[in-house]
Amino acid sequence: MVDWTDSEVVAACRRGRPEGFAQLLLRYQERVYRRAYSFLHSREEALDLTQDVFLRVIEALPRFEEGRPLWPWLRRITTNLCLNRLRSNPTLVSLDEAFASGDGSGAVTRADLLAAGTDVAESALGNVFGDDLRRAMAALPPLHRVAVVLRHQEDLSYEDIARLMDLPLGTIKTYLFRARRSLRQSLAASWEG
Amino acid sequence: MSVTKQSPGTACDDGIAQLYAEGGLTGAEALLYERHLTVCTACRRAVAGYKELFWDLGRPGYRSEPVPDELQRISDDLMARWDEAVADNAEGGGAFSLVPALAGVRGVARGLQLIPGVSAAGRLALETARRTPKAVLSVASRLARRIGPGVRGRR
């Protein structure tokens, strides 16, 4: 399949061509879902939100300026909708993270895997500590989690995060400081069990 | 158990350790902090812990949550909504296809308004355009009356 550029996707969509919108979904639907999941840590909420994001896109595409990259726009819509959800439902926490079954007891430690010094360690680390990190992230206050995702997965500056989340820069710094300290402590506890 | 409890002491300033780990200190600040790190085990542990954490946060393995099958159903629903939206637009004047064209015309018009006299000329042109169809219709109907039964009748 020929790769479309963002401009070609937008131009096709604005001409009402269904293949343009199909390309938009193909290129960005999974990414939007992953981002929504990383903010909300709930599969159902993330699926629901992914649908909402693209419904907004259908409404707003006629006004979208051709030539602009799509992902920053989609990320803004995704972040704003997530923040609306989190603010209207501050108790929203992970429904999927199997904390009860995944307490890590009896599991190998990070030190064990590193000491093994094999290729097995790399993939095992990816799974074991990916799970630990997901659990630690899910346990963060939702707005702290959003700030961490925007900083460390989207590589946004503190100023950009403040603008996107519509919060003062100082608040973002505080959120990040507390969230990262909490993550390090949680992970240290599970890694060195 | 937290890292800070395991270390000989807590990090002197966890915030600075975080900033250093993500490269957020200026050159002079970083140099000063590095001198401090040579003598402070707790801060060295904190910096190492944050560097590891930031690396983990950015690694693809962490991001690869399984994508649920329901996304395909959502995709189908969205395509249906797209078709509806395009159809509605077509009925209501085809906004999807006209918006870029209208934006272009508006842009040119805004530019022309800056030239002296163009606004007046524009109003005159609009007025002429508005009256032209009436004039054309009037001439056409007069011609039709003169020709009589029309082209089809003469064949």
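This is a predicted model: local features need pLDDT of at least 70, side-chain atom pairs count only at pLDDT 80 or more; totals for chains, interfaces and linings use all residues.
**Chain A as a whole**

The secondary structure consists of nine helices and zero strands, so that the pattern along the sequence reads α-α-α-α-α-α-α-α-α. Of the 193 residues in chain A, 39% are buried. Among contacts in chain A with a separation of 6 or more, 64% are between residues 24 or more positions apart.

**The contact with chain B**

Display chain B alongside chain A. The contact involves 38 residues from chain A and 37 residues from chain B. On the side of chain A that touches chain B, at least two residues each are supplied by helix 2 (18-40), helix 3 (43-60), helix 6 (119-138), helix 7 (142-152) and helix 9 (169-191). By class, that side of chain A comprises 19 nonpolar, nine polar and 10 charged residues.

**Helix 3 of chain A against helix 6 of chain B**

Next, select helix 3 of chain A together with residues 70-91 of chain B, which form helix 6 of that chain. The two axes lie 10 Å apart, and the helices pack at an angle of about 20°. Helix 3 of chain A is therefore roughly parallel to helix 6 of chain B. The crossing of these two helices is right-handed.

Show the side chains at this contact. Helix 3 of chain A contributes L47(A), T50(A), Q51(A), F54(A), L55(A) and I58(A). From helix 6 of chain B come E70(B), I74(B), D77(B), L78(B), R81(B), W82(B) and A85(B). This contact has eight nonpolar, two polar and three charged residues.

**Helix 2 against helix 4 within chain A**

Return to chain A and select helix 2 with helix 4 (residues 70-88). Their axes come within 10 Å and cross at roughly 35°, in a right-handed crossing. The classes here are eight nonpolar, one polar and three charged residues.

Select H41(A), which is located in the loop between helix 2 and helix 3 of chain A. H41(A) is not a glycine, yet its phi is positive, at about 55°. Most residues other than glycine have a negative phi. H41(A) counts as buried because it has 24 C-beta neighbours inside 10 Å, the cut-off being 20 or more.

Colour helix 7 of chain A by burial: 11 of its 11 residues are buried. Among them are the charged-class arginines R145(A) and R151(A), as well as H144(A) and H152(A).

Move to helix 8 (residues 158-165) of chain A, where the buried residues are I161(A), A162(A), L164(A) and M165(A). These residues lie on the same side of helix 8 of chain A, because they cover an arc of only 165° around the axis.

**The loop after helix 8**

Finally, select D166(A), which follows helix 8 of chain A and is placed in the loop between helix 8 and helix 9. Is D166(A) buried or exposed? D166(A) is exposed, because 9 other C-beta atoms lie within 10 Å, and the cut-off for exposure is 12 or fewer. The phi of D166(A) is positive, near 55°, in a residue other than glycine.

Key: Residues are numbered from 1 along each chain as its sequence is written. Chains are lettered from A and ligands numbered from 1 in the order in which they are written. Helices (H or I, at least four residues) and strands (E, at least two) are DSSP runs, numbered from the N terminus. Two residues are in contact if their C-beta atoms, placed from the backbone, lie within 7 Å. Axes are lines fitted to C-alpha atoms, for helices over the stretch in contact, and angles run from 0 to 180 degrees between N-to-C directions. Angles under 35 degrees count as roughly parallel, over 145 as roughly antiparallel, 65 to 115 as roughly perpendicular and the rest as oblique. A crossing is left-handed if the near helix is turned anticlockwise from the far one by less than a right angle, and right-handed if clockwise. The arc is that of the directions from the helix axis to the C-beta atoms.
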